[in-house]
Amino acid sequence: MAAMSVRCCVAGGGPAGMMLGLLLARTGVEVLVLEKHADFLRDFRGDTIHPSTLEVLHELGMLDAFLRRPHQELHKVGAQIADAAVTVGDFSHLPTRCRFIALMPQWDFLDFLAEQATPLPGFRLMRQAEVTGLIEEAGRVAGLHVTTPEGVLEVRASLVVGADGRHSTVRRAAGLEVMNIGAPIDVLWMRISRLPADPVQSLGRIAGGRMMVTIDRGDYWQCAFVIRKGGFDVIRAQGLDAFRAQVAALAPYMHDRLGELAGWDDVKLLTVSVDRLRRWHRPGLLCIGDAAHAMSPIGGVGINLAIQDAVAAANILATALSGGGADDALLAEVQRRRSFPTMMTQRVQVFLQDRIFRRVLAGGGGGGGGGALPLLFRLLRDFPVLRRIPARIVGMGFRPEHVQISARAGSVLHDPLASP
C-alpha cells in the first residue's frame, strides 16, 4: 500500500472541492483533491454560474479569463405558461459586477478551475482516485483510503473534506446523520439540437399538467422534463412516441427533431432529493456542498451554494491549516456560517415544489388565461418590481460569501489565454 501525507485532502473534484482546493492552495496550504473519474466530461450536471459565483471569480482576479470562455448570458429568467410569457427574475438590479447568469457546461467550469489551481505550488489534483473509506485514529478522522489505477493509496491529512456529492462516500463512512426533507418530483434530462430560428432564451415551460426547462447550450438544448416522483416507469410503459408527443406539446418548435430521442438511453433520470446533514463535521472531517446538503434543481442554485460553502470554509480555516490543523470548533463555525442560507434556500425550494410543481403535475395550473396562472406568476407579471426578489434569491442567495483571505506571495493565478 502506497502512502502520502498532506495538510488538507478533499474528496471530490466538483465545484465545492475544486474551489476549496484553489482557495487554500492560493494561501500556501498543501491541498490534494481526489477525483474518481478520469476527466470532468460528464453530462447532465448544473450549468448555471450565478452572479454570486461570478463575483467570487472577480475577487480572485479570474473573471475576465472566465468570460473569454464560450458561454451564454441570461439577464432575465422567464416561464412560458401555456400562451402566457412571464418574466420570473430580472438580474439587472443586483449589486454585483455581473448582472446575469453565465451558462457554461459544468465540465468547462471545472476545467477552468483546474487550470487556475494547477500552477499553485500547494495544489494537486489526482484523477481516477476513488475514496473507499476513512482512516480513523483515537476518535479523529486522520485520512482516506483511496483506490487508484496503480493500486491502493493511503492519504493522511490534518483535515479531510467531503465534497463528493449527494451520494457521498465520506459522509456515509463517517456515519453523519442525514435529514431527508423530501421532493415530490424527479427530472428527465435529454438533449435536443438547437436551430438558429429557435427561441433565444432559456425558459421554463408549463402547459397541460406538464413542465419542462430548456437550457441553451449553443448548438443544442439541454432539456429537463419534470415528472412526479417515481413516475418514470409509467412514462416508459406509455412508450417513446407518447413521451415525444408530451415534449412537443411543451416545445412545438422541437417537434421535427424529437426523433433524436432514439431510445430510452437518450433520456436520463435524475432522482431529485432535498436533504442536509444534521452535523456537517467530526474531528478532522468537514462536509460541504452536496455532501452536506442536496438541493432540488429548482433555480439551479446547487453549484453556487457549493461554491459559497467553499469560500466560507477557506475564509474560516485557511489560517489554522497554515499553522497545522483546524480544530472541531472551527469546523462547527463553517456549519454555523452556512446553515442559514442552506435552510432558507431549501425552504424556498420546498415551497415552490409544493405550491407550484405539485399543483402543475396534478393538472391544477398552467392555463393560458390570466385567471389560470398560479398566483405567484400573476404577481410577477403584474408587478415587475417583484421580479427583483427571485433574482436576488437565485442570483446571490441568502448569504453571499466574499473572499477574505490573501494569496501568499508568488501564488499567481493563471490565464492560459493571456499574452506572454
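Helices (H or I, at least four residues) and strands (E, at least two) are DSSP runs, numbered from the N terminus. By that count, the chain has eleven helices and 21 strands. Its radius of gyration, taken over C-alpha atoms, is 22 Å. The globule rule, 2.2 Å times the number of residues to the power 0.38, gives 22 Å for 420 residues, so the chain is as compact as a globular protein of that length.

This is a predicted model: local features need pLDDT of at least 70, side-chain atom pairs count only at pLDDT 80 or more, and totals for chains, interfaces and linings use all residues. Residues are numbered from 1 along each chain as its sequence is written, and side-chain values use heavy atoms, with hydrogens and water left out.

Start with the whole chain. Along its principal axes, the C-alpha trace spans about 65 × 45 × 40 Å. Buried means under 20% relative accessible area, exposed over 50%, and partly exposed in between (1.4 Å probe, protein chains only). Of the 420 residues, 55% count as buried. Now take contacts, meaning heavy atoms within 4.5 Å. Among contacts with a separation of 6 or more, 74% come from residues 24 or more positions apart.

Next, the surface. The chain exposes about 17200 Å², an area that comes from the Shrake-Rupley method with a 1.4 Å probe; for residues, only the protein chains shown count as cover.

Now look at the aromatic rings. Rings of Phe, Tyr and Trp (its six-membered ring) pair if their centres lie within 6.5 Å; planes under 30 degrees apart count as stacked, over 60 as edge-to-face and the rest as tilted. The structure holds seven aromatic pairs. One of them joins F225 and F243. F225 is buried at 2% relative accessibility. F243 is buried too, with a relative accessible area of 0%.

F243 also pairs with W264. Their centres are 5.7 Å apart and their planes are at 45°, so the pair is tilted. W264 lies in the loop between α7 and β17 (268-270), so its pairing with F243 in helix α7 ties together parts that are 21 residues apart in sequence. Both F243 and W264 are buried. Ring pairs link F225, F232, F243 and W264 into a cluster.

Which helix is largely enclosed by the rest of the structure? It is helix α2 (residues 51-59), because seven of its nine residues are buried. Those buried residues are P51, S52, T53, L54, E55, V56 and L57. After α2 comes G61, whose phi is positive, near 75°.

N315 is in helix α8 (residues 302-323). N315 is buried, with a relative accessible area of 16%. Not counting residues up to four places away in sequence, N315 touches H402, V403, Q404 and I405.

L352 lies in helix α9 (residues 328-361). Leaving aside neighbours within four places in sequence, L352 is in contact with I298, F357 and L376. L352 and I298 are 54 residues apart in sequence and 8.2 Å apart in space, C-alpha to C-alpha.
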